[in-house]
Amino acid sequence: MPAHPRPHRPDDSVRRRGRLRPAMAAEGGGIHKPLPPDLFHIHGTNAETVPAALRRTGYHTPNDRFFVRNHTTTPRLDAADWRLTVWGDGLRGAPVEFGYAQLRALPAVTRATCLECAGNGRSYFTSQQGDDVTGTPWTLGAVGAARWRGARLADVLRLAGIRSDAVDVMPRGLDDPYVDDGVDYGRVRRPMPVAKALDDVILAYEMNGEPLPYDHGYPVRIVAPSWVGVASIKWVGDIEVSAAPLSSPWTTEFYRLFGPDHPPGGAPMTVLPVRSTWEIDAGTALPAGVTHRLTGRSWSGGGGVARVDVSTDGGAHWHAARLRDEPSEDGWVRWETDWRPYEPGPAELLARATDTAGRTQPDRAVPNTQGYFFDAVVRCPVTVV
Ligand SMILES: Nc1nc2c(c(=O)[nH]1)N[C@H]1C(S)=C(S)[C@@H](COP(=O)(O)O)O[C@H]1N2
Ligand SMILES: [Mo]
């Protein structure tokens with residue numbers, strides 16, 4: 001594929017690419033759980049789930065193989081002395097503190113929802129479209145579905161005395177401040193509108209029936225269904241409630257769409273796009289003359305996935321995959337198709353999902369300098385032998 005020549009912020013790619021190097025030395029060192037190579041690909045401080053590792057799982061992604069996206073390192077906090085401070089001029093009075101036991105005593109909700117990094121699929125901007133992007137070169141493993149159990153953020157905000165004119169809330173993590181290229185951006189934090197915070201956001205303390213693992217935010221994290229993963233702040237320690245709009249580097253600089261196809265100041269990012277993955281590793285050898293049950297998953301931040309079309313011949317012919325789950329608003333659907341290849345040689349598997357809102361994966365994703373929201377159909381190469 002030819003590169004798409006286009007103007008871009010001249011200093012951006014060079015500066016960013018240089019900055020990513022030191023983190024690579026860590027190679028997953030800041031992550032607590034084991035990262036065996038059959039389950040994870042490590043990218044610096046982050047680890048993505050290997051596609052074939054999903055195949056052996058049910059609907060929910062087991063905690064031991066759920067992807068980890070860390071700006072720094074996993075802190076090992078103690079629930080006994082953890083406190084959540086809710087503060088700001090969007091409250092009627094003084095800051096209010098919640099302890100772990102207090103949070104667990106509130107009415108609990110359980111929600112099965114996908115959590116996905118906005119940069120999932122980023123490497124395909126380069127490999128499929130020739131776009132020059134910066135950031136962790138994920139394939140499609142920066143996504144998982146879990147059963148999150150916790151208190152409603154809405155209940156906590158009401159107990160804290162949120163005012164009717166509050167507009168934004170900003171949860172902040174207790175992990176180390178994020179320092180990159182000599183710039184200290186402070187602790188990971190990202191505002192969301194009050195409307196989202198009061199709608200479906202959870203202060204989760206359980207993941208798939210277990211206390212949150214250290215890497216996924218122990219003792220308490222935010223889970224913001226359908227939204228970019230960075231909205232789901234881990235190891236949350238405080239939440240600012242504001243009567244005026246809030247911003248952070250995670251809305252103004254990172255997790256924002258920049259580039260010629262976006263407005264001059266960049267476009268904000270909230271709801272995740274439609275995407276699909278095959279549960280087979282790129283380059284897998286499949287014997288000819290044998291029927292293979294191929295499986296995959298599709299998901300969308302904008303509604304349940306209603307249809308998945310697949311091609312086993314590089315996109316020449318398409319047919320509908322069998323869906324194994326009902327469309328779920330913020331979960332995924334598993335699907336399968338049977339394929340009996342005859343000719344030895346290279347082949348490409350393609351999957352294109354359509355959600356209940358009618359959004360379909362395009363052939364080409366709209367580029368942006370930091371490589372977010374790659375939603376185009378991914379070409380998964382295999383070899384028939
Ligand atoms: N405090 C804190 N919260 C965080 C992050 C982080 O580095 N620190 N990473 C964010 C990003 S970018 C993503 S995609 C998700 C990843 O969640 P996981 O590591 O549990 O899969 O957490 C989000 N919450
Ligand atoms: Mo992310």
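**Close-up 1. Polar contacts of ligand 1 in the predicted model.** In this predicted model, a polar side-chain atom of Lys234 is placed 2.5 Å from an oxygen atom of ligand 1. An oxygen atom of ligand 1 also has a polar side-chain atom of Arg221 at 2.7 Å, while Phe67 contributes through its backbone, with an N or O atom lying 2.7 Å from an oxygen atom of the ligand. Taken alone, ligand 1 would expose 530 Å², and the protein buries 100% of that area.

**Close-up 2. An open sheet of 5 strands.** The strands of this open sheet follow the order E4-E3-E14-E7-E10, and their pairing is mixed. Strand E4, residues 96-99, and strand E10, residues 192-193, form the edges, each of them pairing on one side only. In general, strands of a sheet pair through backbone hydrogen bonds, in either a parallel or an antiparallel sense.

**Close-up 3. The pairing of strands E7 and E10.** Strand E7, which covers residues 168-173, pairs with E10 in the antiparallel sense, and 2 bridges connect these strands. Within this pairing, Val169 has Met192 of E10 as its bridge partner.

Definitions and conventions
Residues are numbered from 1 along each chain as its sequence is written. Chains are lettered from A and ligands numbered from 1 in the order in which they are written. This is a predicted model: local features need pLDDT of at least 70, side-chain atom pairs count only at pLDDT 80 or more; totals for chains, interfaces and linings use all residues. Side-chain values use heavy atoms; hydrogens and water are left out. A polar contact is a pair of N or O atoms within 3.5 Å; within protein, one must be able to donate a hydrogen and the other to accept it, and residues adjacent in sequence count only if both atoms are side-chain atoms. Accessible areas come from the Shrake-Rupley method with a 1.4 Å probe; for residues, only the protein chains shown count as cover. Two strands pair if DSSP finds at least two bridges between them. Helices (H or I, at least four residues) and strands (E, at least two) are DSSP runs, numbered from the N terminus.
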